Amino acid sequence: MNEPFLVYAIGFIAQFFFSARTIIQWFKSEKEKAVVSPSLYWIFSVMGSYLLFIYGWCRGDFSIILGQLLSYYIYLWNLNLKSLWSRISIIFKIVLIITPVIAVSVLLKDINLFIDEFFRNEEVPFGMLLFGSAGQIIFTLRFVYQWAYSVRKKESSLPQGFWIISLIGSGTIVAYGIFRNDPVLILGQSFGFIAYCRNLIIGYKSSKQNKS
């Protein structure tokens, strides 16, 4: 843990937003006795993802950056589906849309430097980088699944498969975080286990009642 305090502060604030979205979604689901997709879940997702992208860049961790790039625009899509995107000022919309694009462009400007910093990082063996990236991809696939499901349903939903994929991806990321001695990843992902399991139970009971 030799990173500057500010870097970890950014990471923990990002995880705060992710944890807050999980708590809000969980409590609302308990109240409704069905798995729901509240607007705040997607607002906090965008905020957390934006900050965690910065955190991954500061730590030189490609797996974190990859995970955020794959899910960030799905969060924005859900904001639009929730009719929240139209309420955002045009300037802020532009900032939200182009910031990751600009960051990646800067990242890839010097491809040799990029490879050295992210794939030849002495602190992260290449095999472990692949393992961490796999965890991030699995974890992000839940939002690809959620996006495809919501498109079909024509509403923002969090189906059962979303929570199953969440558990698998989260477990992989926690293992990676333990190897990297990364408290941000460990604490952020460990917290979600309870909420993911609970949503599976709520969803199962809700679907069972609907069938009866």
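1. A word on the model before going on. It is predicted: local features need pLDDT of at least 70 and side-chain atom pairs count only at pLDDT 80 or more, while totals for chains, interfaces and linings use all residues. Residues are numbered from 1 along each chain as its sequence is written, and side-chain values use heavy atoms, with hydrogens and water left out.

2. Back to the patch. Helix H4, residues 90-107, is its main contributor, with nine residues. Ile-102 counts as partly exposed because its relative accessibility is 45%; buried means under 20%, exposed over 50%, and partly exposed in between (1.4 Å probe, protein chains only).

3. Now the overall build. The chain has eight helices and zero strands, so its order from the N terminus reads α-α-α-α-α-α-α-α, with helices (H or I, at least four residues) and strands (E, at least two) taken as DSSP runs and numbered from the N terminus. Of its 212 residues, 48% count as buried.

4. Two residues show how parts of the chain meet. Ala-9, in helix H1, counts as buried because its relative accessibility is 18%. The C-alpha atoms of Ala-9 and Val-184 are separated by 9.2 Å, although these residues are 175 apart along the chain. Tyr-50 belongs to helix H2 and, with 25% relative accessibility, counts as partly exposed. Its C-alpha atom is separated by 7.8 Å from that of Gln-68, 18 residues apart along the chain.

5. Next come the open spaces. On a 1 Å grid over the protein atoms alone, a pocket is an open set of points with protein on both sides within 12 Å along at least five of seven lines, a cavity is a set where a 1.4 Å probe fits but cannot get out, and lining residues have an atom within 4 Å of a point. Points are joined across faces, edges and corners, and a volume is the space filled by probe spheres set on them. The largest pocket has a volume of about 250 Å³. Its lining has 16 residues, with Val-35, Tyr-149, Leu-158, Pro-159 and Gln-160 nearest the centre. Helix H6 (126-153) and helix H8 (183-211) are the elements that give two or more residues to this lining, and H8 has the largest share, four residues.

6. What classes of residue line the largest pocket? There are six nonpolar, eight polar and two charged residues. For this count, Ala, Val, Leu, Ile, Met, Phe, Trp, Tyr, Cys and Pro are nonpolar, Asp, Glu, Lys and Arg are charged, and the others, Gly among them, are polar.

7. The second largest pocket holds about 210 Å³ of space. Its lining has 10 nonpolar, no polar and no charged residues; Tyr-50 and Phe-92 are among them. Helix H2 (39-59) and H4 each give two or more residues, with H2 giving the most, five.

8. The largest cavity has about 210 Å³ of space and 22 lining residues, of which Phe-18, Arg-21, Phe-139, Arg-142 and Gln-189 lie nearest its centre. H8 gives the most to this lining, with six residues. By class, the lining has nine nonpolar, 11 polar and two charged residues.

9. The second largest cavity has about 30 Å³ of space. Arg-21, Thr-22, Gln-25, Tyr-41, Arg-142, Trp-163 and Tyr-196 line it, and H1 gives the most, with three residues.
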